[in-house]
Every structure is written in structure tokens, then in C-alpha cells.
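The following report describes one protein chain for a reader who is new to structural terms. Please consult the sequence and the model while reading.

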Amino acid sequence: MCGDGVVAADNLCFKAALTLNSEGTATALVIAGLAPPGNALVFAIGGSLARADYDRTTGLSGPRIIAAITSAPMTDLDAGDLDADGDIDLLGARGASNPQAFRGDGQGGAQSSFSVGSGEGTSVDVTVADFYGSEPGADFAAANTSGCGTVVQLKDLSGEGLVRSALQICSPTRVELAQTGPTTTSLASVRGKSLIVEPVIPSLAGSVTLGAATASLNLPADTLRIQAADLNGDNLEDLVVLTADDQIHVLLSNGSGGFTAQGGADFASYPTGAGAVDVAIGDLDGDGDRDIAVVNQGDNSLTLFVNDGTAGFTAETRAVTAGSSLSRLAVGDLDGDGVADIAVTAAGVILILPSDP
């Protein structure tokens, strides 16, 4: 039963969609805890980074500009405590060879920003995580078009973003960091249809290397997005890969950097709606399991995959009638009710679907 007293045919309940005028089409977005006690929606629009907030009582507020994006447009955003000061920071891929870091001020804004890492071409994808065995503070990897990106172990962002060590990775189109073993952080990098998983080995002496590949497999089509999360409750992060043939593929970590066979294959595949363009992971029904959301540009819909707790998924499709040209997606608890909400970019607006548990 949904919060409004209406019995739902499924376990996913949402209030009516809210429309945020973004004054243009947002090119990247993330839901992150920039300031206590809750999360905010942060998105890139033109040369600016903006935030908006949603409260169950007062409703939707914003947007307000919190930082300038140099070398716009921004194509990806991720969040983490990069400088180990307890405040959430942001990292964005943008129209330059190295990502732009935004140090959070603990009050919902950004106190400074600067370029971090190095690379070639244009950064298109970023992923933030703690390397197992590295110094305090989140680290990151970036994928670049027309050149090499970096795997970066950060040391200090209190000044200009001192990099402890950086390793170049060449020609990946998408990257993701995942805790694939009890003491292992792995880098999953994609080049077209090919996915390779390699352990990240940081050193307090000032170097970061990649170990021998623990998995290498081919996907049915080119990869559009890749996300990591623990889907079956074994404390290992699994991978969800969205490919250009309108499918997601669920790869379950086996604890050794490889994947557990599912039905005789390396991964389980599920169809999405038409023209799928982005994927995000979060607890959409409040049962403690991580569910999957996919935004479909071809038929203006969301495909939602409900987790049974063992990484078995049941799909349902929801039409999105309030916007057009859907493109990017973020999932997270915006209103503090313990259940993830959905934000999706459309032409000139961002649509927010608040959960209704």
C-alpha cells in the first residue's frame, strides 16, 4: 500500500512528478549529501553547477548556483569525501582532459574548485571510491575520449589538489570502481563491447598500479553506462552495465575479481524500454535491497527493476508524460524517508519522482 492509501499492484510507489525548471537541459546530475542532515540534487547546466532540494513538507526549492564549471559542458558527476574532512565533495567530467573537483563547504555549497589528475582528449566519465589500502579520502578514475584518462590516488585537496599518484589508462569509454573482494578495489573499464576488470594497487610510497586482469568478457553491444552496487547482500559490489541494444546486464562479483555464472553465462540480461540512455541504482521500494532504474529516450519512459534480494529482478515500465527528450538519471533519498527518489533530465527541466512509501 502506498503512502496515500492507494493499494499498488507492485512495491514501487511515487507521488506525482515535480518539475524543476533547469533553464536548459542538464547534462549531468547526482544526488549527494552536500550538507547535513539530508541529500540534495546537484546538476550541471551550461557553465554552472546548481543544486535543488526537496522536503516532504515544504516541497521543492531551487535551483541555485553553487559553482562555475570551467571547460563546460559537464558530462558526468560523482560524489565522495575527496579531502577526508567529513564534507561531501563533487567530481565532474567536463570538456577538458582532466576532471574538475569541487570541495564541499559543509553548508551545501562549494568553497573551491580545481582540476585534478591528468589526461588527454576530453574526460567523459568519472567514478569515485576509496582504494583499499590508500590514504584517507576518496580516490577516483576518469575515462577520456581520444586519449588516456587517469586512475588517481589523492593525498590532499586542502590546497590545490595534490595528487599522491596517478596511473594513465588509455582508450576506455566508461569506467567504474567497485569493491570486488574483502580487501580489493577493482577498476572495471569498457572499450566498446569489451569489459576488463583489474585490481587497483595503491602504495603509501607514492604509486598506484593495476594488477593482472581478473575478468575479461565481451558484451552484446557497446556500453553506454556502468554502475556498481551490492545487489545480493554479500558485501561485494556487483556491476550493472547498460548497452546500446536496450539491455542491462547484471554481473555478480565472486569475491576474486571475477563474476559468478548465472544460467551458464557470465551475466544475466534484462530488456529495457526503447532507446535506453542511462542507468542508476538505489533502494526504490524501501526493503533494503538495491533496485535498478533505466531511463528510455525512445519511448519516454522509465524501466524499473525490483530486486528480490538475491539479484533477481522483476521489471516494470512507467511512462513519463511531463517531459520530453529524457537523457540522464539519478537515484537517491532526497526527502529523508529512507526510500530512494528518482530525478531525470528532460528538455529544459528536471523531473523528480518522490517516493511514496
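## Loops and backbone geometry

S71 is placed in the loop between β5 and β6; strands (E, at least two residues) and helices (H or I, at least four) are DSSP runs, numbered from the N terminus. This is a predicted model, in which local features need pLDDT of at least 70 and side-chain atom pairs count only at pLDDT 80 or more, while totals for chains, interfaces and linings use all residues. Residues are numbered from 1 along each chain as its sequence is written, and side-chain values use heavy atoms, with hydrogens and water left out.

Although S71 is not a glycine, its phi is positive, at about 55°. Its relative accessible area of 36% makes S71 partly exposed; buried means under 20%, exposed over 50%, and partly exposed in between (1.4 Å probe, protein chains only). A311, found in the loop between β25 and β26, is another residue other than glycine with a positive phi, near 70°. A311 is buried, with a relative accessible area of 5%.

Two cis peptide bonds may be described next. One joins G62 and P63, with omega about 5°, and P63 is in strand β5 (residues 59-68). In the other, the bond from A72 to P73 is cis with omega near 5°; P73 is in the loop between β5 and β6 (76-80).

## The chain as a whole

The chain has zero helices and 29 strands. Along the principal axes, the C-alpha trace spans about 60 × 50 × 35 Å. Of the 357 residues, 54% count as buried.

Contact means heavy atoms within 4.5 Å. Among the contacts in the chain with a separation of 6 or more, 47% come from residues 24 or more positions apart.

L177 lies in strand β14 (residues 174-181) and is buried at 4% relative accessibility. Although 48 residues separate L177 and A129 in sequence, their C-alpha atoms are 6.3 Å apart in space. Beyond its neighbours within four places in sequence, L177 contacts several residues, including F131, F140, L187 and V200.

T223 belongs to strand β19 (residues 223-229) and counts as buried at 8% relative accessibility. Leaving aside neighbours within four places, its contacts are R174, V190, G192, V241, L242 and T243.

## An aromatic cluster

Rings of Phe, Tyr and Trp (its six-membered ring) pair if their centres lie within 6.5 Å; planes under 30 degrees apart count as stacked, over 60 as edge-to-face and the rest as tilted. By this rule there are two aromatic pairs.

| Pair | Centre to centre | Angle between planes | Type |
|---|---|---|---|
| Y270 and F305 | 6.0 Å | 65° | edge-to-face |
| Y270 and F313 | 5.8 Å | 85° | edge-to-face |

Y270 in strand β22 (residues 268-271) and F305 in strand β25 (residues 301-307) are 35 residues apart, and their pair links distant parts of the chain. Y270 is buried at 16% relative accessible area, and F305 is buried at 0%. Because Y270 lies in strand β22 and F313 in strand β26 (residues 313-319), their pair ties together parts 43 residues apart in sequence. Both Y270 and F313 are buried. Through these ring pairs, Y270, F305 and F313 are linked into a cluster.
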